[in-house]
Amino acid sequence: MKRIARCTTNKLGTTEGDPLNLVVIGDRVTIRQCLGGRWDEAEAITFSTCVKTARAFLLDAGYRYSPVSSLFVDGQMQTLALQKARASINERIHLRLWPTELSFRQQPVWIGQISRDIGVRFTPKTWNLTTHRIDPDVDDARDHVIDNLVSARRLLEYGYVSGVEAASEDAPRHNLTGDPYFTDGNRAVMILAPASTDAGYLRWS
């Protein structure tokens, strides 16, 4: 069985970026249903969406469907990009998912990355010279997804498995644009409920 990568990378796969801190079990339709409400699918990067992004950035306004930058796993760009908009485009939670070759209980297994934007800064590492600055506590964003699914009653089971090596707040690692992050090194594994359930959820270790 092919080992799942531990981090996102650049397109060439030569440099590691944000940790792959989620495993989601369920088909694409179920994922979209479970993360309904304020979780929206990001628009593709086009001239028009770049203009809307720039306008929102300059006015410090919201842009609910703002595109996300491309990250890669095994040379593949994210298949599904979702975001939870906040008051300003400078602050949002974004979730990227990649399908894997695995299945569990006849359901597809996705690997994912989630982080929370807390601002914008300039960088020479992107085409538009700007990037979102992420909250270095990436575990908090990871666990936020679990809280959302519990509140929506769309989580059957969840637990944690090893992902990357732990990194402390005093000795963080960095993503592709240089933002520091710290983590306990674990991935959240979530089995989605195909319909809303009152049966509760099972946490395993």
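**A salt bridge and the fold around it**

The side chains of Arg116 and Asp140 meet in a salt bridge at 2.6 Å from N to O, a salt bridge being a side-chain nitrogen of Lys or Arg within 4 Å of a carboxyl oxygen of Asp or Glu. Because Arg116 lies in strand E9 and Asp140 in helix H3, the pair ties together parts that are 24 residues apart in sequence; helices (H or I, at least four residues) and strands (E, at least two) are DSSP runs, numbered from the N terminus. This is a predicted model, in which local features need pLDDT of at least 70 and side-chain atom pairs count only at pLDDT 80 or more, while totals for chains, interfaces and linings use all residues. Residues are numbered from 1 along each chain as its sequence is written, and side-chain values use heavy atoms, with hydrogens and water left out.

Arg116 has a relative accessibility of 15% and therefore counts as buried, whereas Asp140, with a relative accessible area of 35%, is partly exposed; buried means under 20% relative accessible area, exposed over 50%, and partly exposed in between, with a 1.4 Å probe and protein chains only. Arg116 also meets the side chain of Asp135 in a salt bridge of 3.9 Å, N to O. That pair links distant parts of the chain, since Asp135 sits in the loop between strand E10 (130-134) and H3, and Arg116 in strand E9, 19 residues away. Asp135 counts as buried because its relative accessibility is 18%.

Within helix H3 itself, Asp139 and Arg142 are 3 residues apart, about one turn of the helix, and their side chains form a salt bridge of 3.5 Å, N to O. Both of these residues, Asp139 and Arg142, are buried, and salt bridges that share partners join Asp139, Arg142, Asp143 and Asp184 into one network. The whole structure holds 9 salt bridges.

Strand E9 also contains Asp117, which counts as buried because its relative accessibility is 0%. The side chain of Asp117 is joined to that of His94 by a polar contact of 2.8 Å.

Leaving aside its neighbours within four places in sequence, Ile31 is in contact (heavy atoms within 4.5 Å) with Val24, Gly26, Leu80, Leu82, Leu97, Trp110 and Leu192.

Taken as a whole, the protein has 3 helices and 15 strands, and buried residues make up 46% of its 205 residues.

How values were computed. A polar contact is a pair of N or O atoms within 3.5 Å; within protein, one must be able to donate a hydrogen and the other to accept it, and residues adjacent in sequence count only if both atoms are side-chain atoms.
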